Structures are given as structure tokens and as C-alpha cells.
Amino acid sequence: MKKSTDEIKKILQAASIEELPAFINTYSEDERAGVRRLAETAAKRLEALEKEKQRIETIRSYEEQYKQYAFICGVDEAGRGPLAGPVAAGAVILPRGCRIPYINDSKQLSEKKREELYEIIKEQAVAWAVGYASPERIDEINILQATYEAMREAVGALSPEPELLLNDAVTIPEITIPQVPIIKGDAKSITIGAASIMAKVTRDRIMAEYDKIYPEYGFAGNKGYGSTAHMEALKKYGPTPIHRKSFLKNLDFNKNLENLG
């Protein structure tokens, strides 16, 4: 008995990438236009994956260039710009030859895709860690130095110890491991992209927890960045203990800072 269009649609939805060629071969010449469109959808999925595979090969160029190193670590930060919350830094060592599809600059990915990739990276990485610098530390030593501190913490937590660091744009002071700074590295290196995702997802989860403590500020949505709702809450309620005083100094909240101790 011939399968209905709805049944064929369910088959496509459940199909793995490996099953798509057979699906296309079976249904591309079907007399029903709806079924042929499903075969076209499958073909587009296959084409998109092929393009993604090519992109992944492109962003593995640095890893290939330095393949003499057994443990290459990508390093990137998340949260340098927000008005509130910590800055986080991710450090990731991927297996040699790793080709996890869709790894990219975390800002280029949806929250759902970042969460999916976080779990895959966590499972496949040789080692990974996230370091932090608190809002108080940011105020004390400035955001750049606090970011470096978070990066050193993340790198120092790795086992095995990295042999080479691929960093997004920066050279980290006080580290003796060889480093390669790469401008926009989170989109050019699969290892830095992985570090970007681990840092971003981890920090976003922290801000979601802070949202439960300070619900007026919308931290689960804005992640501490200066959204309109966040700015309105600051005007109405003043800063919280997790706000970066040094970031607010040019705003009209100074009268409220005294209450934070």
C-alpha cells in the first residue's frame, strides 16, 4: 500500500543525513507534487550539510597549520560588554581532526543551537573549562585585565595542559604557553568557536540564575546588556550588587552606588 504524504513527511522528519539520498531517490519522481516537494526539501538539507562541511574544513585551517601540537586550545570570552554580571572565558581542547558541524562564533548562532553544541562539545572535547571574573573584580582591575584573568583561570584548569593557544584577537599576559592571536578567531577557528560557545552558554545560564534573584532587570533575556527594559529598571530601582560600577559611572546612577557598599 502506497504511503500517504503525511506518512512520507514523518519519514523525512525522522531521517538521518545518511538516509536522505535514498529518500530523494525514492520520492523525487513521485506523481504527487507534495511528495516531490518533500524530496526537494531533503535535497536542500543535503546541500546545506555539504556547504557546512566545506565551511568546517575552512575553519580548521589554523588547527591544520599547527598540527604538530597534540593539544591545541581555543580561548575566547563572553560578556565583556554588559553592564552586569561576570565576564567569562572559555578554553577548549578538541580532538585532533575534530569536525563538529555548525561550530561558529557564538553570536552567530541561535540560543537553541548554542545549547545543542554546548552538549556536543562537552561530550567530545579532550578538555574544557570556563573561568570567570566577578563584577567586583572588573571594577577593581578593569574589564580587559579581568578578561585576561578569566582566560588564565580557564586555561589553567585544563588537563592535559595545552601546548598551543589559539586566542580570539588577544595575547594573554602571564602565560608561557605559545599563543596565536587571531582577529575574529571565533569565526575562523573551530577550536576558538568551541570556546566561544562554552563561555557564552555558561555565562547565559549564570545570568538566568541572577534573573531569579533580580527579576526586575530581565537578566534572563538581556544577559546584563543595556537593553531598553534593563535601562528603565536601572532608572527605577538603581543598580544591583552584580552591576559593574565602573560601567555605570557615566550614567546617572551614581547616587545609588553608595548603597552597594
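## Exercises on a predicted model

By class, seven nonpolar, two polar and five charged residues make up the lining of the second largest pocket. The exercises below refer to a predicted model.

**Exercise 1.** Determine the volume of the second largest pocket and which residues lie nearest its centre.

*Solution.* 
- Step 1. The volume of the second largest pocket is about 160 Å³.
- Step 2. Its lining consists of 14 residues, and those nearest the centre are Glu63, Ile72, Pro95, Arg96 and Gly97.
- Step 3. At least two lining residues come from helix 4 (61–65), and at least two from helix 8.

**Exercise 2.** Characterise the largest pocket by its volume, and state which element gives the largest share of its lining.

*Solution.* 
- Step 1. A volume of about 200 Å³ is found for the largest pocket.
- Step 2. Its lining comprises 15 residues, with Glu77, Ala78, Gly79, Lys107 and Tyr225 closest to the centre.
- Step 3. Helix 8 provides the largest share, four residues.
- Step 4. Sorted by class, the lining of the largest pocket holds nine charged, four polar and two nonpolar residues.

**Exercise 3.** Decide whether Lys200 is buried or exposed, and list its contacts beyond four places in sequence.

*Solution.* 
- Step 1. Lys200 belongs to helix 8, which spans residues 190–213.
- Step 2. The relative accessible area of Lys200 is 16%. The cut-off for a buried residue is under 20%, so Lys200 is buried.
- Step 3. With neighbours within four places in sequence set aside, Lys200 is in contact with Ala78, Ser106, Arg114 and Lys223.

**Exercise 4.** Explain why strand 4 (residues 164–168) is described as largely enclosed, and identify the strands joined to it by bridges.

*Solution.* 
- Step 1. Five of the five residues of strand 4 are buried, so the strand is largely enclosed by the rest of the structure.
- Step 2. In a regular strand, side chains alternate between the two faces of the sheet.
- Step 3. On one side of strand 4, Leu164, Leu166 and Asp168 are buried, and on the other Leu165 and Asn167 are buried, so that both faces are covered.
- Step 4. Strand 1 and strand 4 run parallel and are joined by four bridges. Leu165 of strand 4 is the bridge partner of Cys73.
- Step 5. Strand 4 is also joined by four bridges to strand 5 (residues 179–182), and these two run parallel. Here Asn167 stands opposite Pro181 of strand 5.

Notes:
Residues are numbered from 1 along each chain as its sequence is written. This is a predicted model: local features need pLDDT of at least 70, side-chain atom pairs count only at pLDDT 80 or more; totals for chains, interfaces and linings use all residues. Side-chain values use heavy atoms; hydrogens and water are left out. Buried means under 20% relative accessible area, exposed over 50%, partly exposed in between (1.4 Å probe, protein chains only). Contact means heavy atoms within 4.5 Å. On a 1 Å grid over the protein atoms alone, a cavity is a set of points where a 1.4 Å probe fits but cannot get out, and a pocket is an open set with protein on both sides within 12 Å along at least five of seven lines; lining residues have an atom within 4 Å of a point. Grid points are joined across faces, edges and corners, and a volume is the space filled by probe spheres set on the points. Ala, Val, Leu, Ile, Met, Phe, Trp, Tyr, Cys and Pro count as nonpolar, Asp, Glu, Lys and Arg as charged, and the others, Gly among them, as polar. Two strands pair if DSSP finds at least two bridges between them.
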